[in-house]
Amino acid sequence: MPQYQAVKGTRDIFPEEAARWKYVEGVVDALASLYGFSEIRIPVFEYTELFRRGIGSTTDIVGKEMFTFQPDPKGRSLTLRPEMTAGVMRAALQHNLLASAPVHKLYYTGELFRKERPQAGRQRQFSQFGAELLGVSSPAAVAEVITMMMEVFRSLGLQGLKLRINSLGDTDDRLRYRCALQDYFSPFHDILDDASKERLEKNPLRILDSKNPALQELIVGAPKLYDYLNPASVQDFEKVLYYLDERNIAYEIDYRLVRGLDYYCNTAFEVTSSELGAQDAIGGGGRYDGLARELGSSVDVAASGFAVGMERLLITMEKQGLFDALTPQCPLVYVVVQQQDLADHALQITCRLRNAAIKTEIDLAARSMKAQMREANRIKASYALFVGTTEKATGLYALKNLSTSEQTMLSLEALLEFLCEPTANGQLQS
Ligand code: HAM
């Protein structure tokens with residue numbers, strides 16, 4: 001076994017898989033642009049305090065999962081970003097974005113870091129794409145981010161995903177609910193696990209998020225947040241559902257959905273895939289009007305957004321066979337050198353083809369013709385272009401279609417013209 005292995009919970013992505021990532025990212029880019037979102041790139045680490053304040057100190061992410069380090073004894077504590085939303089809001093506030101335009105629509109793809117126990121679909125370094133709509137507080141804004149997320153799934157051909165949605169109400173609703181939960185769970189204090197006992201004091205909503213099987217029956221019997229919503233919160237939620245109905249986006253109301261981050265208010269949602277096993281959440285999001293104030297802003301910044309886990313999305317797509325029809329990213333032409341004294345001439349032709357934006361590959365190791373043909377087939381080249389003494393003397397080159405074995409002689413000009421045509425991937429024309 002080699003001396004060095006990738007760290008547990010991280011992984012290498014080789015070219016065939018990288019092409020799948022690019023494909024998904026291309027669909028995300030196109031849809032983001034269609035919906036008017038522009039790309040933002042933010043640093044991979046931030047001051048730890050940003051996440052503590054933004055995500056919430058009683059959440060699992062902040063309590064147990066952050067990769068935190070101190071650059072020097074006097075330096076402020078830093079943390080590798082475990083999610084993007086707090087960083088995007090920090091950037092918007094720092095650069096006073098909302099002063100230039102009242103609404104900002106930003107999207108991103110990037111690497112995140114959480115110290116979770118690695119298992120299928122759960123890594124310590126993973127990737128998300130997501131979008132944040134800043135500056136509007138309305139059901140239409142939440143519906144827009146949900147619609148865009150579902151549209152990405154639809155465009156990629158994903159089937160059988162389940163969208164669960166809930167309302168977490170406003171701050172007052174949650175305060176009243178918090179008291180109701182404390183009243184409900186307190187008599188069961190002795191059977192609560194240590195984490196839930198601590199949550200009972202600090203943030204009882206988090207108990208609903210517990211995965212402890214021994215507590216599930218108790219959690220199912222807990223009061224529902226929905227019963228504590230004021231009429232405006234109910235109306236807000238119903239309007240979001242109205243937009244989803246209108247757009248034929250299927251959902252399930254899940255009154256126990258609280259999500260693992262503390263910044264949400266009103267609508268929160270999560271999408272699960274039955275292909276994923278225990279780690280079945282493929283994406284999630286919601287509205288987070290309180291985050292800006294939590295980060296020290298003197299003005300409110302209404303906001304909503306979502307993020308989707310790339311690895312889980314790719315696992316689901318693979319299981320549903322959605323990559324089978326993708327054309328492999330392969331060189332179109334493989335230049336075959338028949339005699340090695342023509343290698344330089346063959347390299348010149350390769351440069352000419354590449355200068356004309358034709359994907360071209362050539363053997364650089366002076367291998368036999370048989371080995372070159374084997375390589376052309378291995379990399380699934382569409383054509384082999386033979387360079388021999390006759391070709392050099394006559395200026396006519398043999399181009400062989402490797403799927404039909406059809407072969408034709410073409411001058412370099414005719415070759416360039418033919419290969420630049422959109423039909424060049426199909427039948428060889430003589
Ligand atoms: P989140 O639910 O923590 O939300 O993460 C979103 C998605 O990231 C999850 O549904 C999952 O697919 C993926 N994910 C999370 N942790 C891991 C992991 N350890 N390994 C692999 N994939 C993982 C957020 O991060 C919020 N910032 C979403 C948001 C955006 N809310 C508003 N705007």
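Predicted model: local features only at pLDDT ≥ 70, side-chain atom pairs only at ≥ 80, totals over all residues.
Student: Before we look at any sheet, when do two strands count as paired?

Tutor: Two strands pair if DSSP finds at least two bridges between them. The elements themselves are DSSP runs, numbered from the N terminus: helices (H or I) need at least four residues and strands (E) at least two. In this structure, three bridges join strand E12 (residues 333-337) to E13, and the two run parallel.

Student: What is the strand order in the open sheet of five strands?

Tutor: As a general idea, strands of a sheet pair through backbone hydrogen bonds, either parallel or antiparallel. Here the order is E13-E12-E14-E15-E16, with mixed pairing. Strand E13 (360-362) and strand E16 (407-411) are the edges, each pairing on one side only. On average, neighbouring strands are turned by 30° against each other, direction ignored.

Student: Which strands does helix H13 lie across?

Tutor: Contact means heavy atoms within 4.5 Å. Angles run from 0 to 180 degrees between N-to-C directions, with axes as lines fitted to C-alpha atoms, for helices over the stretch in contact. Helix H13 (residues 343-355) lies across E12, E13, strand E14 (383-387) and strand E15 (396-401), at about 165° to E13. Helix H16 (residues 412-420) also packs on the sheet, touching E12, E14, E15 and E16, and its direction makes about 115° with that of E16.

Student: And E7, is strand E7 mostly covered or mostly open?

Tutor: Five of the seven residues of strand E7 (residues 161-167) are buried, so mostly covered. Seven bridges join E7 to strand E9 (residues 265-273), running antiparallel, and asparagine 166 stands opposite alanine 268 in E9. Two bridges join E7 to strand E8 (residues 252-253), this time parallel.

Student: Which residues touch the most other members of the largest nonpolar core?

Tutor: Such a core is a set of buried Ala, Val, Leu, Ile, Met, Phe, Trp, Tyr and Cys residues joined through side-chain atoms within 4.5 Å. Of its 88 residues, Phe185 and Leu313 touch the most other members. Helix H6 (residues 139-156) gives the largest share, 10 residues. Apart from it lies another core of 22 residues, including Leu332 and Leu419.

Student: How many aromatic pairs are there?

Tutor: A pair of aromatic rings is described by the distance of the centres and the angle of the planes. Rings of Phe, Tyr and Trp (its six-membered ring) pair if their centres lie within 6.5 Å; planes under 30 degrees apart are stacked, over 60 edge-to-face, the rest tilted. The whole structure has 11. Among them, phenylalanine 45 and phenylalanine 69 are edge-to-face, 5.9 Å centre to centre with 75° between the planes. Phenylalanine 45 is partly exposed at 44% relative accessible area, and phenylalanine 69 is partly exposed at 34%. Tyrosine 226 and tyrosine 255 form a tilted pair, at 5.0 Å and 55°.

Technical notes: Residues numbered from 1 in each chain as written. Heavy atoms only, no water. Buried < 20%, exposed > 50% of the residue type's maximum accessible area, 1.4 Å probe, protein only.
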